[in-house]
Structure formats: structure tokens, C-alpha cells
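Me: Can you walk me through this structure? Keep it quick.

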Amino acid sequence: RIAITNQAMVRLIGVTDESELLGHSPLDIFDPIDHDRVNERIRLLRTERALLPPAEFWITRRDGVKVAIEASASPFDDHGEVSSHVVFRDMSEQKAAEAALVALNIELETRVRARTVELENAYRELESFSYSVSHDLRAPLRAITGFSQILERRYAEQLDETGRHYLDN
């Protein structure tokens with residue numbers, strides 16, 4: 001049962017004052033999805049009397065809103081009974097930041113995929129252009145080569161050394 005609380009817990013749970021929490025079971029605060037884990041931690045506190053490291057849970061505020069929290073607990077002796085001191089830390093801002101980061105990563109991945117498609121299309125267009133230019137340049141080169149061979153066969157003897165050099169080149 002909850003024996004002591006503070007104003008931070010009152011605000012976190014969304015009640016008007018501490019009296020609405022005192023005497024209630026901790027399970028009244030936690031979301032039902034976490035009840036088994038909470039019960040296991042309570043058992044560990046009572047039997048092992050060990051400090052429990054922080055763990056994430058969900059609590060349900062009085063207005064029905066679910067809030068992510070981090071809870072840590074430490075046992076202490078309370079007049080022969082095992083009690084525990086539990087600290088909650090509101091994880092709402094961290095969860096919102098994590099969700100924003102996930103959304104940003106998804107957006108970035110989408111943009112990268114779109115940019116990759118654009119680059120692949122540009123590459124295909126460049127390949128097509130390159131093939132076309134290469135094909136268009138072959139015909140004039142063939143003509144030049146053909147005329148060079150004719151010049152060499154018919155007029156090589158009439159050219160001086162410089163002319164033959166130019167023809168060979």
C-alpha cells in the first residue's frame with residue numbers, strides 16, 4: 001500500500017491531493033500491462049531486500065492518459081516490516097524525443113530512397129546520352145579513317161616527311 005507520497009507524484013498521477021493515493025495499492029497506479037512485472041519487483045523487494053535498478057513502466061493517470069515512467073525502488077525496514085522507497089521519473093519528454101527521432105529517421109530514409117531513385121534515373125539517362133554520343137561520333141571517325149587510308153594508299157609517296165607524319169597521326 002502507498003503510505004507516503006509527495007506533490008510531484010500527485011501531479012504525475014493527476015489527482016488533486018495526496019489523500020487520493022494514500023492506502024491504495026501500487027497496482028492502482030500502474031497500467032495493467034505492467035502488473036506482472038510490478039508484482040515481481042515487489043516480491044524481489046520483500047524476499048531479496050535488494051535495490052531494484054530503474055525500469056520502464058506505464059502508469060495510467062486519473063484522466064486515463066498513459067504516461068511512460070522509470071521506476072527504481074529500494075527496500076527499508078519499517079518497524080520490522082519490509083517497506084520500499086520508490087522513485088518515479090516521468091519519461092514523457094524522452095519518449096516524445098525518441099518518437100520524433102524515429103519519425104525523423106523514417107523521413108530521412110524516405111528521402112534517401114527518393115534521391116537514390118532520382119540518381120539511378122539520372123545515371124540511366126547519362127548512360128543513354130553517352131551511348132548516343134558515342135554512336136554519333138563513330139560515323140565521322142569512320143569517314144576520317146577511310147579517307148586517311150585512301151590518302152595513304154594513293155598519295156603517301158607525294159607527301160614529304162611532315163605530311164606522312166600528320167597522316168600517320
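Reply: α1 (7-13), α2 (35-47), β1 (52-60), β2 (66-78) and β3 (81-90) each give at least two residues to the lining of the largest pocket. Helices (H or I, at least four residues) and strands (E, at least two) are DSSP runs, numbered from the N terminus. This is a predicted model: local features need pLDDT of at least 70, side-chain atom pairs count only at pLDDT 80 or more, and totals for chains, interfaces and linings use all residues. Residues are numbered from 1 along each chain as its sequence is written, and side-chain values use heavy atoms, with hydrogens and water left out.

Me: Which element gives the largest share of that lining?

Reply: β3 does, with 10 residues.

Me: Which residues lie nearest the pocket's centre?

Reply: Arg 1, Ile 2, Ser 84, His 85 and Val 86, out of 37 lining residues. A pocket is an open set of points on a 1 Å grid over the protein atoms alone, where a 1.4 Å probe fits, with protein on both sides within 12 Å along at least five of seven lines; lining residues have an atom within 4 Å of a point.

Me: Is Ser 84 exposed or partly exposed?

Reply: Ser 84 counts as partly exposed because its relative accessibility is 36%. The cut-offs are under 20% for buried, over 50% for exposed, and in between for partly exposed (1.4 Å probe, protein chains only). Ser 84 is in strand β3.

Me: New topic. Where does Phe 129 lie?

Reply: In helix α3 (residues 92-155). Phe 129 counts as exposed because its relative accessibility is 54%.
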